[in-house]
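Subject: Structure for you to look at

Hello,

Please find the structure below, with its sequence. My notes follow it.

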Amino acid sequence: MKLSRDDMIKLALTSFISAPPIAFMSFEFMFPTISTPSFGKSLLAVFLLSILTGIPSGYLTRRTDLAMTSVFLYTAAGYLLAVVFYSVPYTIYDLQQVLPDIYYAMFFRFTMILLFLFVLGGFLGTLFGQMVRDWIKTEETSMTFENARKG
Amino acid sequence: MAIFERVKKHWVTVALYLALSLFFLSACLVSANTYGAIAQAQRDIGLQNPEHHAEIVQHGNLNISFSIQLHNPSRYTLHINWLSWSAALMNVSSSDNKRISLGENYFGPTRYLEVPAKTTVNYTFWSKISDPGVLAKLSGYVNYANGLGGNYTLETLPYDQTFLVMLFIGEFEHESLRDAYLNELVTVSLSYSSAEGVA
């Protein structure tokens, strides 16, 4: 897979911008009772939001392989961001860790299905985004031809 | 650069994309802030200034009293699930009835006790012991202890006073049986024992 400088920038920007929804969903999945807003650990909501998160990278990226790579990148970035948000109270403010087991839970126990849903939803989202872009382009082309024929 | 031209071309999509990202970034910050406040509350909520007294009152009765403060510096109201106080004397000289119960009190969740945010609430309990049988046991213990070289009176006996409280922080859900750790997150259990101090 060859990457140009623009592709690299695009991947970096996509990872940066798409990471917060993934981070929030990861955090919310651990702490549904204290998160604002809360999905109540609904996997369906997580899946639908994963699709929504994947749409922009599909819409803005012409190459399918790049769009799918961006899904892996923003999922990883978002997951790391969730760990950072969880760590904030007892790293920056020097507070005691309320639930020490959550690190273990975040990395190994609860999140395999969650990560699978992020990636699967992201793939579907990118495909949907590319389809939407193609529909729009087809429509624009046909309108251009129609206008030219009328004119 | 080509990428900026594409951003200009698809500015509506990019704006919506950024809005989505910013919304969830804000949600992350708010949620992490809540988590930080809960961690702070877990650290700072505590029992302080315990005081216990025993004194002889009218007709030779014994009055045992206890007071303690529950300090809540957090921004959340605390909902007391239950609290209990008990006073007793451990009678080591007796082989069968070691614990002489002198008073107890219990408040369950149906009392809806609360500690408002950033306040300190004082709890006071007392028990008046007028039962001649219990007073006789206490006097017997005084005689026994003094016979072993102690210097006790009914007012200076080492009464064991215990205060336990379990409370929930704020209005967060805490009844999920499926995820017990979520209850743990917003639950504070505090205890004081005259023998061991605040724990």
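Chain A has a radius of gyration of 19 Å, whereas a compact globule of 151 residues would have one near 15 Å. Please keep in mind throughout that this is a predicted model.

Chain A

Taken along the principal axes, the box filled by the C-alpha atoms of chain A is roughly 70 × 35 × 25 Å. The chain holds five helices and zero strands, so from the N terminus on the order of elements is α-α-α-α-α. Of its 151 residues, 40% count as buried. Among contacts between residues at least 6 apart in sequence, 80% join residues at least 24 apart.

One residue I looked at is Leu43(A), which lies in helix H2 (residues 43-60) of chain A. Is Leu43(A) buried or exposed? Leu43(A) counts as exposed, because it has 12 C-beta neighbours inside 10 Å, and a residue with 12 or fewer is classed that way.

Between the chains

Helix H3 (residues 64-91) of chain A meets helix H2 (residues 11-44) of chain B: their axes come within 9 Å and cross at roughly 35°. The crossing of H3(A) and H2(B) is right-handed. On the H3(A) side the contact is made by Phe85(A), Val88(A), Pro89(A) and Tyr90(A). On the H2(B) side it is made by Cys28(B), Ala32(B), Tyr35(B), Gly36(B) and Ala39(B). As background, an α-helix has 3.6 residues a turn, so residues three or four places apart point the same way.

Chain B: the three-stranded sheet

In chain B, three strands form an open sheet in the order E1-E2-E6, with antiparallel pairing. Which strands stand at the edges? They are E1 (46-56) and E6 (119-129) of chain B; each has a single partner strand, so one side of each is left without a neighbour in the sheet. On average, neighbouring strands of this sheet are turned by 10° against each other, direction ignored. Nine bridges pair E1(B) with strand E2 (residues 62-72) of chain B in the antiparallel sense. Within that pairing, Ala54(B) stands opposite Ile64(B) in E2(B).

- Strand E7 (residues 160-169) of chain B is joined to E3(B) by 10 bridges, running antiparallel; Trp85(B) stands opposite Phe163(B) in E7(B).
- Strand E4 (residues 99-107) of chain B is joined to E3(B) by eight bridges, also antiparallel; here Leu83(B) stands opposite Phe107(B) in E4(B).
- Strand E5 (residues 114-115) of chain B is joined to E3(B) by two bridges, again antiparallel; Leu78(B) stands opposite Val115(B) in E5(B).

Chain B: helix H3

Helix H3 (residues 132-147) of chain B has 16 residues, which at 1.5 Å a residue should span 22 Å. The end C-alpha atoms of H3(B) are 22 Å apart, which agrees with that expectation. Gly149(B) follows H3(B) and has a positive phi, near 100°.

Regards

Key. Residues numbered from 1 in each chain as written. Chains lettered and ligands numbered in written order. Predicted model: local features only at pLDDT ≥ 70, side-chain atom pairs only at ≥ 80, totals over all residues. Pairing = 2+ DSSP bridges. Helix = DSSP H or I, 4+ residues; strand = E, 2+ residues; numbered from the N terminus. Axes fitted to C-alpha atoms, helices over the stretch in contact; angles between N-to-C directions. Expected span 1.5 Å × (residues − 1). Rg over C-alpha atoms; globule rule 2.2 N^0.38 Å. Buried ≥ 20, exposed ≤ 12 C-beta atoms within 10 Å, placed from the backbone. Contact = placed C-beta atoms within 7 Å. Left-handed = near helix turned anticlockwise from the far one by under 90°.
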